[in-house]
Amino acid sequence: MLNIHKLWLFSSLCIIVIVVLYFQSEVTRLEEGYRKLEYKLVQAHSQSRQFFPKPTEKDDDDLVVIYNRVPKTGSTSFVGVAYDLCKKNHFKVLHINITANMHVMSLNNQYKFAQNVTKWQEIKPALYHGHMAFLNFDRLGTTTKPIFINLIRKPLDRLVSYYYFLRHGDNFRPHLVRKKHGDKMTFDDCVAKGQPDCDPSNMWLQVPFFCGHAAECWKPGNKWALDQAKHNLINHYLLVGVTEEMLDFISVLEAVLPRFFKGAIEHYLSSNKSHLRQTSSKIEPTLETIERIKKSDIWKMENELYEFAYEHFKFVKRKVLMRDVNSVPQIYFYEKVRPK
């Protein structure tokens with residue numbers, strides 16, 4: 001009799017749990033339906049209070065995007081996507097080639113480049129890319145400014161990749177002999193012996209690339225350069241992504257700049273662009289080597305810029321790609337317009 005009573009009690013509890021779960025799911029479903037309905041009502045109500053200029057034949061045709069790509073950050077993979085899309089989306093892609101792979105332009109070339117990029121109507125819309133430090137168009141007398149984008153990578157990962165790239169090349173041009181070809185020394189041995197090729201000062205590249213053409217930008221460990229790099233990243237770049245999240249970077253660009261990147265996500269996923277250029281024979285450093293590098297002030301500054309950029313990128317993509325729980329597409333509209 002006692003067992004029957006326990007069975008009855010257990011069955012009752014199961015029924016109660018099932019009923020509670022059912023009603024919870026129904027409440028969730030109704031809330032979701034209400035949220036979607038509310039968004040549609042607000043969207044319909046706001047359309048009459050938004051201003052949409054009539055598109056012209058040259059709509060978006062003046063767009064100029066500059067990707068001042070940092071070496072060994074996955075830039076070749078990203079540029080490959082742009083080259084594949086340019087014909088379909090009707091824009092030009094141009095590589096900026098500076099003498100002897102210099103990252104800084106002379107003052108006269110800065111001025112000429114700024115005038116050329118903004119006034120070369122026949123080539124617009126266009127995406128320019130090259131290993132060049134950020135160039136502030138505000139000080140060069142142009143009436144229009146290009147849109148800047150970039151990618152940033154964990155500084156030690158970038159340095160290790162570049163170290164082995166100079167020795168073994170990559171799978172993009174496997175037969176090209178690099179300047180350190182034949183050097184078999186590992187990155188770990190290089191650090192242990194205190195060789196110049198793995199000195200932390202060689203990591204001082206992403207900070208100056210975002211800092212710009214000022215002399216102070218290129219002094220390793222300069223705190224002003226780090227602050228200026230952060231300032232430029234926030235105030236002069238439309239978007240800075242991270243190499244480790246290339247797909248999200250492309251996804252945000254497709255949402256924000258469809259004139260250039262319409263279809264970029266599908267193309268990136270269906271092609272081999274995500275692995276277009278990989279350093280050959282790369283050996284990951286040991287924990288001992290990593291800890292030794294991380295004691296450097298230069299690594300700390302470069303890593304601070306990386307983490308700053310990554311936090312900002314996460315904030316931007318969350319709003320654009322709607323990664324928040326229960327998020328809805330954002331809209332804007334005008335109200336209290338006077339006089340009527």
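Which residue in S5 is the bridge partner of Ile 152? I looked this up first, and the partner is Val 242.

**Ground rules**

I am working with a predicted model, in which local features need pLDDT of at least 70 and side-chain atom pairs count only at pLDDT 80 or more, while totals for chains, interfaces and linings use all residues. I number residues from 1 along each chain as its sequence is written, and side-chain values use heavy atoms, with hydrogens and water left out.

**The sheet**

I took helices (H or I, at least four residues) and strands (E, at least two) as DSSP runs, numbered from the N terminus. I counted two strands as paired if DSSP finds at least two bridges between them. On that basis I found an open sheet of five strands in the order S2-S3-S1-S4-S5, with parallel pairing. Its edge strands are S2 (92-95) and S5 (237-242), each of which pairs on one side only. On average, neighbouring strands here are turned by 20 degrees against each other, direction ignored. For such angles I used axes that are lines fitted to C-alpha atoms, for helices over the stretch in contact; angles run from 0 to 180 degrees between N-to-C directions.

I then went through pairs of strands. S1 (residues 64-67) and S3 (residues 126-129) pair in the parallel sense over four bridges. Tyr 67 has His 129 in S3 as its bridge partner. S1 also pairs with S4 in the parallel sense, over three bridges, and Val 65 stands opposite Ile 147 in S4. Between S4 and S5 I noted five bridges, again in the parallel sense.

Is S4 enclosed or open to the outside? I called a residue buried when it has under 20% relative accessible area, exposed when over 50%, and partly exposed in between (1.4 Å probe, protein chains only). S4 is largely enclosed by the rest of the structure, because five of its six residues are buried.

I used contact to mean heavy atoms within 4.5 Å. Helix H2 (residues 75-89) packs on the sheet and touches S1, S2, S3 and S4 (147-152). The direction of H2 makes about 145 degrees with that of S2.

Next I checked H7 (residues 223-236). This helix has 14 residues and reaches 19 Å from its first C-alpha to its last, close to the 20 Å expected at 1.5 Å a residue. The expected span is 1.5 Å times one less than the number of residues. Its buried residues include Ala 225, Leu 226, Lys 230 and His 236. They pack against S4, H6 (206-211), S5 and H12.

For H8 (residues 246-256), the buried residues include Met 246, Asp 248, Phe 249 and Ile 250. The buried residues of H8 pack against H2, S4, S5, H9 (258-261), H10 and H12.

**Ala 264**

Which residues does Ala 264 contact, leaving aside its neighbours within four places in sequence? They are Val 81, Leu 85, Ile 250 and Glu 254. Ala 264 lies in H10 (residues 264-270). It counts as buried because its relative accessibility is 0%. Ser 251 is 13 residues away along the chain, and its C-alpha atom is separated from that of Ala 264 by 7.5 Å.

**The core**

I looked for a nonpolar core, a set of buried Ala, Val, Leu, Ile, Met, Phe, Trp, Tyr and Cys residues joined through side-chain atoms within 4.5 Å. The largest has 79 residues, and Phe 78, Phe 113 and Leu 127 are among those with the most contacts inside it. H12 (residues 297-321) gives the most to this core, with eight residues. Not counting residues up to four places away in sequence, Phe 113 touches Ile 66, Ile 96, Met 105, Met 132, Leu 135 and Phe 137. In soluble globular proteins, nonpolar side chains tend to be buried together.

**Cysteines**

How many disulfides does a search of the whole structure find? It finds two, where a disulfide is a pair of cysteine sulfur atoms within 2.5 Å.

- Cys 190 and Cys 198 form a disulfide with sulfur atoms 2.2 Å apart. The link is left-handed, with -100 degrees about the S-S bond. Cys 190 is buried at 1% relative accessible area, and Cys 198 is buried at 3%.
- Cys 211 and Cys 217 form a disulfide with sulfur atoms 2.0 Å apart. This link is left-handed, with -65 degrees about the S-S bond, and both cysteines are buried.

Counting bonded cysteines along the chain, I get the pattern 1-2, 3-4. I also checked Cys 86, which is buried with a relative accessible area of 16%.
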